[in-house]
Amino acid sequence: MSFKKAMVGGLLVGGVAFLSSGFASEWSGYVAGEYRHFTQSALDRQQFNGGSVSFSAAPEFYHSWNDGDDAFIFSSFFRWDEQDPQRTHADLRELMWIHAERDWEVRLGVGKVFWGVTESQHLVDIINQSDMVENFDGEDKLGQTMLNLSLIKDWGTVDLFVLPGFRERTFSGKDGRFRPTPTIDDHTAYQSDSKDKHVDYAVRWSQTFDDWDVGVSHFYGTSREPRIIPTATAGGIALVPFYDLINQTGLDVQATLDEWLWKVELIHRSGQGETFNAFTGGFEYTFVGVMESAADVGLIAEYLYDDRGADVAFDNDIFVGARLAMNDAASSELLFGVIADVDQDTQFYSLEGSRRIGASWVLSVEARFISAASNVALAPFRQDDVIQLEFARHF
């Protein structure tokens with residue numbers, strides 16, 4: 001969560017900014033301390049038990065010129081973790097030049113692109129690789145080298161992407177939590193002879209029709225989601241990530257109808273084993289000003305389907321949740337949800353909350369609880385229940 005400071009006469013209160021005759025520059029970001037506590041003993045004796053402390057920083061810089069038609073964006077991320085060396089990492093999230101004209105825009109460099117509308121998972125979001133060592137929910141993304149041309153027309157916006165280079169998914173190390181047993185092997189296999197040098201391509205058309213937002217996308221290239229293949233090695237069995245070349249067509253639709261939000265994402269993917277389809281769809285209904293207060297409460301329900309079956313975590317599941325926005329001066333928010341498998345006795349519980357303290361500090365809490373049988377996709381993480389606290393100073 002990012003909090004922007006007020007601009008007063010060109011000076012950024014609580015940060016650093018400069019404005020003058022067509023130029024604008026701004027530093028922002030945060031530094032944070034985090035404590036994670038795992039409530040159960042790990043399945044593997046190599047993994048740590050109990051708590052873990054880490055520190056992170058995410059500086060960002062923005063500069064525009066040419067009366068705002070050109071801009072430069074830089075953002076990076078650093079984390080040090082006391083328990084898992086693999087979670088101690090740094091990444092260049094964005095290093096991007098942007099040029100905008102009336103009906104087109106070009107972006108060149110390292111960037112992040114988000115596609116999707118549903119709450120429980122983002123099927124169509126495929127440009128950036130997930131930083132799974134940072135967070136188990138896959139919401140954190142690694143920077144991706146790209147050339148992006150946007151054509152902005154009355155009949156819709158077309159985004160064309162050329163994506164040179166590939167980022168491997170990050171995984172927890174042998175000491176860390178949220179990992180399978182045995183650990184993910186350092187060696188990686190690719191379908192493409194070019195391996196991580198393969199050039200990927202993507203295109204997306206999006207348009208708004210009154211209350212409806214529609215996006216249709218297609219991606220060709222190295223899958224961001226590897227298949228994990230047990231492989232015999234000199235040291236025994238290892239889990240090796242294998243990255244296929246895939247074609248994925250996606251559709252995302254959101255309808256905003258008064259207090260209702262109706263959301264759908266679906267994909268058709270070929271090249272990663274058998275061709276499959278996946279779907280996530282549902283609604284969010286918001287009660288505005290509950291009990292004559294400033295608070296809003298949203299009720300969320302979604303259905304998750306994947307015709308690969310029990311080989312994936314969410315093949316026939318229902319998500320229900322609630323979102324509380326206090327709409328107070330401290331921007332207090334709370335989100336709770338549970339994903340329950342229709343066929344198996346498996347549930348994944350999630351809680352996220354945040355509150356600003358003063359002008360610059362934010363206290364956040366996250367909790368993940370997994371109840372799973374020993375023969376399902378979430379089984380390796382069934383004892384990785386965690387409560388996480390983060391105290392961050394934004395600037």
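## Figure legends for a predicted model

**View 1. Overall fold of the chain.** The chain has 24 strands and 0 helices (DSSP runs numbered from the N terminus: strands, E, at least two residues; helices, H or I, at least four). Its radius of gyration is 22 Å, close to the 21 Å from the globule rule for 395 residues, so the chain is as compact as a globular protein of that length. That radius is taken over C-alpha atoms, and the rule is 2.2 Å times the number of residues to the power 0.38. The C-alpha trace spans about 65 × 50 × 40 Å along its principal axes. This is a predicted model: local features need pLDDT of at least 70, side-chain atom pairs count only at pLDDT 80 or more, and totals for chains, interfaces and linings use all residues. Residues are numbered from 1 along each chain as its sequence is written, and side-chain values use heavy atoms, without hydrogens and water.

**View 2. The loop at G358.** G358 sits in the loop between β22 (347-357) and β23 (361-371). The residue is exposed, because its relative accessible area is 57% (exposed is over 50%, buried under 20%, partly exposed in between; 1.4 Å probe, protein chains only). A330 is 28 residues away along the chain, with 7.7 Å between the two C-alpha atoms.

**View 3. Burial and contacts.** Of the chain's 395 residues, 45% are buried. Contacts (heavy atoms within 4.5 Å) reach along the sequence: of those between residues at least 6 apart, 54% join residues at least 24 apart.
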